[in-house]
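These are my notebook entries from a first reading, kept in the order in which I looked things up.

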Amino acid sequence: MPIQLTSVGLALAALLTAALVALISTPVVRSLAFRVGAVDVPKDARRMHDHPIPRMGGLAIFFGFILSVLIFLPLTQELRGMLLGGVVIVILGIFDDIFALPALPKFIVQILAALIAVLAGNRIEFLSNPNIFSSELFWELGSLAIPITVLWIVGITNAVNLIDGLDGLACGVSTISSMTLLVIALIVAEPDVALLMAALAGACIGFLPYNLNPAKIFMGDTGSTFLGFILAVVSIQGLFKFYTIISFAAPFLMLGLPIFDTCFAILRRVSHGQSPMSPDRGHIHHRLIDMGFSQKQAVAVLYIISAILGLSAVVLTTIGVVRAMLFLLALCAAGGVAGKLYLDHNSSTPPHQPPQEKRKKEYPYE
C-alpha cells in the first residue's frame, strides 16, 4: 500500500509543532521544578548523577504532545479517553516528582487512568494466535478484553518508567518506539495513529537536548509514565487491530527493551525474595555501567538495540513473518559480533585508569 504524501506532510507538521513547544517550554518547566521542590538529590547507588538535578521535565513533553494533538486531530471518543487518562498520569507524576509517593497508591491511580482510556473504547478485543499452525487466526477476548487491556497499559507505563535510569535513555527509547509506530501507521494507512506518534516523537525530540548527558533536567515520573501510557494506548489503536501475527509480535518488538528489562527485573527480585516493586541496581543500564561503559556509551548501546527491534517491527509489517524473523536474527548476530569485537578491543587496550576507579570519579555516590 503506497504511503500518502498528505499523511507524511501532516505527520511532519505535527512532529515539528510538538518539538518546538517542548523545546521552548522545557526551560520554564525547569525553573518551576526548582520552585516546587521537584529536584532529584543523589542518595543511593542507583543514581547516576552526583549533584541535584530538577525533574518533572515530562511536563514539557506533555505540553508539546497535547498542543500538537489538539491542533492536528479531531477529538474522537477514544482520543478523549486517552488524553484524559494521560492527564491523570501527568498529575500523578507531578505529585510523585515533588513528594515521592509510595508504590501502591501510584499503582491504583495508574489502573484508574487505564480504565478511563479502556472504557472510552481503547481496548484489545482480539489477539492474533501465536500458533501459526492453528486454523484459528485470532482469539476473541470477550469479557477478558478490559482486564487484559488494563494490564497491558499499566505494564508498559511502568516498563518505560523503569528504564529511566540514565540521561536521555527513556526519552530516546520512546522516540525510537514512536518513530517505529509512526512508520508502521503510514505504511498500513492509519493516519490518526501516525499523527499521534508524530506528536509524541516530536515532544521527545524537543526535550532531548536538555536531557542528554550531562542532563540539565530529568523527565521524572511525570514524563516516563506519560510516555509509557501513550505508547501503550496508541499501540492498541494501531497494532492490535490486525488479525495477523503482526498484531502479536509488532508491539513486543517496538517496546522490546522496556518489556525485557521489566520482566527481568521482576524475575530477579522475586527470585531474591524481594517485592517486584522494590527498587534495585540490576537494570540493564546499570549492568552496562558496571561493565565499564560510560553513560553516553551505555545509552548509545541501548538506542541501537531499540532501533534494531523497531526496524524489525517495520520489516514485519512489510515483507512478512519469515523474512522479518530472519532479518531480526541477522541483525542480532551482526550486533553480537560487533559488540564482541568492541569488548575484545577494549580489554586488549589497557585503560588510563582502572575501570572501578574511573567509575568512582564519575559517580562518587555509587
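I began with helix α2 (residues 58-72) and α7, whose axes come within 8 Å and cross at roughly 150°; here axes are lines fitted to C-alpha atoms, for helices over the stretch in contact, and angles run from 0 to 180 degrees between N-to-C directions. Because angles over 145 degrees count as roughly antiparallel, under 35 as roughly parallel, 65 to 115 as roughly perpendicular and the rest as oblique, I noted α2 and α7 as roughly antiparallel to each other. I also noted that α2 passes α7 in a right-handed crossing, meaning that the near helix is turned clockwise from the far one by less than a right angle, with anticlockwise giving a left-handed crossing. On the α2 side the contact is made by Ile 61, Gly 64, Phe 65, Ser 68, Val 69 and Phe 72, and on the α7 side by Leu 195, Leu 196, Ala 199, Leu 200, Ala 203 and Phe 207, where contact means heavy atoms within 4.5 Å. Sorted by class, this contact has 10 nonpolar, 2 polar and no charged residues; Ala, Val, Leu, Ile, Met, Phe, Trp, Tyr, Cys and Pro count as nonpolar, Asp, Glu, Lys and Arg as charged, and the others, Gly among them, as polar.

I wrote down the basis of the entries: this is a predicted model, in which local features need pLDDT of at least 70 and side-chain atom pairs count only at pLDDT 80 or more, while totals for chains, interfaces and linings use all residues. Residues are numbered from 1 along each chain as its sequence is written, and side-chain values use heavy atoms, with hydrogens and water left out.

Next I looked up helix α1 (residues 5-36), which packs with helix α7 (residues 191-211) at an angle of about 30°, the axes being 7 Å apart; helices are DSSP runs (H or I, at least four residues), numbered from the N terminus. α1 and α7 are therefore roughly parallel to each other, and α1 passes α7 in a right-handed crossing. The α1 residues in this contact include Ser 7, Leu 10, Ala 14 and Pro 27, and those of α7 include Pro 191, Leu 195, Gly 202 and Tyr 210. By class, the contact of α1 with α7 has 19 nonpolar, 4 polar and no charged residues.

My last entry concerns the residues that line the largest cavity, among them Ile 89, Asp 96, Lys 106, Asn 158 and Thr 225.

Methods
1 Å grid on protein atoms, 1.4 Å probe; cavity = no way out; pocket = protein on both sides within 12 Å on 5 of 7 lines; lining within 4 Å. Helix = DSSP H or I, 4+ residues; strand = E, 2+ residues; numbered from the N terminus.
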